[in-house]
Amino acid sequence: MKTTKNYAGTPNEFAQQETAKIVLIPVPYDGTSTWGKGADKGPEAFLEASENMELYDIETDTEVYRQGIYLAGAITENSTPEAVVNKVHETTKKYIKRNKFVTLFGGEHSISIGSIRAFNEHFESLTVLQIDAHADLRAEYGGTPYNHACAVHEASRTTNLVQVGIRSMDAIEKTYMNEDNMFFAHDMVNDEFWMDKVVEACTDNVFITFDLDAFDPSILPSTGTPEPGGLLWYEALGLLKMVFAEKNVVGFDIVELCPNDIDKSSDFLAAKLYYKMLSYKFNEEAEDGVYDSGFTSKENNHQKFKFEDE
Ligand SMILES: [Mn+2]
């Protein structure tokens, strides 16, 4: 993968590893996708689109890049799905321990198993807020628990998993589903208070895993498995704005951009989404202030959310 030197072509002084509050880890992996291939090209298309984006955010009246965004080396491990998850886990932990706001851009959704594991080890009572078309709750798929169809199975056992925008799943996944924390797309259209309910279902520390296929294919067609009936732009932003304002969002990943030569608007949407999320996060943070992520340095082995062994 060819990467630009700095994220979005920002000046060097805002892109240094030592001083940047934010770290962006590209994970160009697409080993387990089942239908549309090409999520390995996602980070490159995302970075290219980011370079063509205005860096002033009108809504928050901020230029979040000035908080410092360090573009880490891409994770190129691709030997086995498990090795990728382990590498993502290890790399994510490394930057969490440096008190960075850690973000990742995939790649397919299996990479989130590694990022979620790292965040769950360093933040108390973690909520994983999954915004996605698919439940991704399977314990195993295609002979491995590290398939994209299993992206949040582990999270469903070890964290407070909240699922939003879901409109495709297998009956067997109901076994692992927590109905109180499940926001199906067909219910959301009929419930004007769904956003408040999502926020209420979250604990204070929230990690967001954003699968781009949560969006409606009319606004984001470039993804591996587009599903009709998805979120529109301002609905997604409305939820994110609330979550960032009311909770301590500790990090996020964005996955499943599957770029093609014809549609560039999806790449641009992903670029803008990433930047919006950072703008919401650092809205109130002084540029020269010291960032405190609130991570616990001791690895948090006791899980707050214990489930019976299956
Ligand atoms: Mn999905």
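The following dialogue explains how to read several features of one predicted model.

Q: What kind of model is this, and how are its residues numbered?
A: Residues are numbered from 1 along each chain as its sequence is written. The model is predicted, and local features need pLDDT of at least 70, side-chain atom pairs count only at pLDDT 80 or more, and totals for chains, interfaces and linings use all residues.

Q: What is pLDDT, and what is its mean in the chain?
A: The term denotes the predictor's confidence in each residue, from 0 to 100. Here the mean pLDDT of the chain is 93, and 94% of the residues reach 70 or more. Over residues 306-310, however, the pLDDT is below 50, and this stretch has 1 contact in the model beyond near neighbours in sequence. Two residues are in contact if their C-beta atoms, placed from the backbone, lie within 7 Å. Where pLDDT is low, the predicted coordinates should not be read in detail.

Q: What span is expected for helix 7, and what span does helix 7 reach?
A: Helices (H or I, at least four residues) and strands (E, at least two) are DSSP runs, numbered from the N terminus. The expected span of a helix is 1.5 Å times one less than its number of residues. Helix 7 (residues 233-246) has 14 residues and reaches 20 Å from its first C-alpha to its last, close to the expected 20 Å.

Q: Which residues of helix 7 are buried?
A: A residue is buried if 20 or more other C-beta atoms lie within 10 Å of its own, exposed if 12 or fewer, and partly exposed in between, with C-beta atoms placed from the backbone. In helix 7 the buried residues are Ala 236, Leu 239, Leu 240, Val 243 and Phe 244. They lie on the same side of helix 7 because they cover an arc of only 130° around the axis; the arc is that of the directions from the helix axis to the C-beta atoms. An α-helix has 3.6 residues a turn, so residues three or four places apart point the same way. The face of helix 7 turned away from the buried side carries the exposed residues Tyr 234 and Ala 245. Among the partners of the buried residues are helix 6 (194-201) and helix 8 (265-282).

Q: How do helix 6 and helix 7 cross?
A: Axes are lines fitted to C-alpha atoms, for helices over the stretch in contact, and angles run from 0 to 180 degrees between N-to-C directions. The axes of helix 6 and helix 7 come within 10 Å and cross at roughly 35°. Met 195, Val 198 and Val 199 of helix 6 make the contact with Gly 238, Leu 239, Met 242, Val 243 and Glu 246 of helix 7.

Q: At what angle do helix 2 and helix 3 pack?
A: Helix 2 (residues 81-97) and helix 3 (residues 111-122) pack at an angle of about 35°, with their axes 7 Å apart.

Q: Is Pro 81 buried or exposed?
A: Pro 81, which lies in helix 2, is buried, with 23 other C-beta atoms within 10 Å. Pro 81 and Thr 32 are 49 residues apart in sequence, yet 7.3 Å apart in space, C-alpha to C-alpha.

Q: Is Lys 5 buried or exposed?
A: Lys 5 belongs to the segment before strand 1 (22-27), and is exposed, with 9 other C-beta atoms within 10 Å.
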